[in-house]
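Open the model in your viewer and keep the selection tool at hand. The tour goes stop by stop.

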Amino acid sequence: MNMARKGKRINWEIIYRDMSSEGIARSFLSRREYVLAKDQHNATKDDNFMALAMAIRDRIIERWIHTQQRYHKDNVKRVYYLSLEFLIGRLLGTNILNLGIWDEVKEAMESLGFDLEELRECELDAGLGNGGLGRLAACFLDSMATLGIPGHGYGIRYDYGIFNQKIVNGYQVERPDKWLYKGNPWEFLRLEYTTKISFYGRTNIITDNKGREHIEWIDTEDVLAVPYDIPVPGYKSDVVNTLRLWSARSSDEFDFKYFNDGDYEQAVYNKVSSEIISKVLYPNDNVYQGKELRLKQEYFFTAASIADIIRRFKAENSDFKKFPQKIAIQLNDTHPSLAIVELMRVLVDQEKIDWDTAWGITIDTFAYTNHTVMSEALEIWPVPMLEELLPRHMQIIYEINMRFINEVLSKYPGDDKRISRMSIIEEGEPKKIRMANLSIIGSHSVNGVSRLHTDLIKSDIFKDFYDFYPQKFNNKTNGITQRRWLLKSNTKLSDLITRAIGDNWVTDASWLEKLLPFKDSIAFRRKWQQIKTANKNALAEYIRKTIGIAVNPESMFDVQIKRMHEYKRQLLFGLFIISQYLKIKDNPHNRNIVPRTFIISGKAAPGYFMAKLIIKFINNIAGVINKDKDIGDKLKVVFLPNYRVSLAEKIFPASELSEQISTAGTEASGTGCMKFMMNGALTIGTFDGANIEIQEAVGEDNIFIFGLRVSQIQALKLAGYNPQDYIKTSKILKRAIRLIQKNFFSPSEPDIFEPIIKHLFGQDPYFVCADFDHYCFIQSKVSKIYHNKKLWIEKSIVNVANSGRFSSDRTIKEYAQHIWNIPYNHPQELAQTAIPG
């Protein structure tokens, strides 16, 4: 197959555009030999994965260059999505899928003796995010590319992800996530766009030759931001957008003075201290140094991104008044909010634009997405820290705040309490900067991510701002890409859906509604059930291989997978599991009991004591139940370690019951609920976040809602909530707590769960006790319906059929139309313009 050795001239352009299985096989062999210097005798599995990834990458590059050239030539308006996280997972399967060559690649690999799925398993998940914030950003990039929106993502190229989670004796143990140690075949180093980022120093007033005063930022400590680009191809189109990630490098690699004096550590000190900025996702912010490093990360990537955006703007434009006509910047939460201050610094200090004009440009450019409904979770920074780290920016923040306060005073004269609440600066010792307030003031749009969330920020945490800026606030309910979370991760179900209604649903998820009539088809329901069973068998085998627990595939797979946090109430789920254990122990021969496999997965922040204790709690429950011979296959409890995108892709297709049980009013939206729904799981949840809109989509009969509503929780708080009142009246909760107190789940570690008991008897801030009995009651209704397989499958089909409204394509269209003022194309139109392959 080596054409060069046969004396033939190789036309690489044809090879790289060849989408046939033969062409892909040729590219694979070429990349393995000429780039990796390997052959069939000494290539490892990782080598073969890299060779295939490069062969697929080659077929993206021409489209990528073509897309960027078109953007430049047409001087289009571009969207820049700034996010501290991009949870993109593995890219090989996604890129093959979006190129539309899955069958060809599979055939090519089989012709060479390889299994495509085995090669895909060699890829490590990119360590660029942790939770829903980062996964949302990844879905949005996919949708922007598929819809033909000129979009760019900006973030940090972390050397290490948050951590790899191991479970040792039930405890979470953190290990480094060395996701880059094998190399990343999808990234391209762009040294020519390296940007200098400054910290510390001082400011100085200078006068120009026209007698005007300006401020300069001098005596700084500088770091280099080096960009790495990852292509983001749209689905079956010629559009390939870019995710640009910044890596920190020292401006001084080596200090020869110290080296020559024999101080070798000091010789490389600047290099080490500079490059730590992009070393790890989420440094431990329980200590001052960790907080400062996190603030450095936020400024580092936002300043680099603003410089890059301005460079690109100036290459095609000269009038900064047209900046908002060519650029829309979306802030994914407050982590990138220093970009507002940085743009003002550049416009005023470097471009010499007057303040009022610069501020108008800034507001018209930025839009802010809020992701929290809890005021205590809003980001704040100590003023002394920012004054030291970014002295010029602190001056600009003071100026922004002073002008804003004057505006508020003109509308609400003498309302000191309102002024205090709305000020960017929170008084106290030390003073603090409210980043959400800065983001609202400096943006033309402020959106929530579910209808309930948006209502809450308008009526509660940002009520003053909504009263002052009602036109800024709007809702954009989150979404997920059906291409990743159904087409790619659930291929069997995707094939069944496509055979039934065609494949238009892949780019227009509203077509899934056409599945509704099929719920009445006996043959279709049988196939649907067979696919769910096959997916459950696959997950059961993964569980057996991974943690050595044999689960019953005939049991209900009852799943809660998400970041570990008290408000998400994994504790409530754990207590329910104990209640089911007690019911079986009381009557082990009860034939009406529905066997369940409880599946939990999620990481706790390293410094979050209670979340880590709950992980231990669940694992100890599992240790008791899974070994109890009376229980057998009726109950199993599984904690799958190291939750990540690739693991989620295995769990969602097999899930039957989706646990979305956060305290009402605490979950902004949630996107896990949408992924479960799109894969045919039924939801049990509170009236919170996107659960409300799921209920509207599927109807009250096809979802299981329980628990207190937001208004009831607020009333309980005002009346004085006492969790012991609920414990006393709940026999099953009382028994579960008594078992914990007697160390039934911790015989070798007595009183280890005492903090949980004190939590429940004391404040119980997330109303676990108040919701427990109703939760158990609704769970009993779940079991009754699950007994009726026909009815359960009908409800499963109804959920998938109505999941289209939760596509990120819909969300991005709303952003484009209502916030960014930018056109988008229908995916079918883009497919017609694709470069021929």
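The stops below cover cavities, a helix residue and cysteines.

This is a predicted model, where local features need pLDDT of at least 70, side-chain atom pairs count only at pLDDT 80 or more, and totals for chains, interfaces and linings use all residues. Numbering runs from 1 along each chain as its sequence is written, and side-chain values use heavy atoms, without hydrogens and water.

**Stop 1: the largest cavity.** Select I88, L91, T94, A138 and V232. Of the 17 lining residues, these are the closest to the centre of the largest cavity. About 210 Å³ of space lies there. A cavity is a set of points on a 1 Å grid over the protein atoms alone where a 1.4 Å probe fits but cannot get out; lining residues have an atom within 4 Å of a point. Volume is the space filled by probe spheres set on the points, which are joined across faces, edges and corners. The lining has nine nonpolar, four polar and four charged residues. Nonpolar here means Ala, Val, Leu, Ile, Met, Phe, Trp, Tyr, Cys and Pro; charged means Asp, Glu, Lys and Arg; the others, Gly among them, are polar.

**Stop 2: N619.** Go to helix α25, residues 609-625, a DSSP run of H or I with at least four residues.

**Stop 3: C776.** Which cysteine sulfur is closest to that of C776? It is the one in C769, 12 Å away, too far for a bond. The structure holds zero disulfides (cysteine sulfur pairs within 2.5 Å).

Terms used. Helix = DSSP H or I, 4+ residues; strand = E, 2+ residues; numbered from the N terminus. 1 Å grid on protein atoms, 1.4 Å probe; cavity = no way out; pocket = protein on both sides within 12 Å on 5 of 7 lines; lining within 4 Å.
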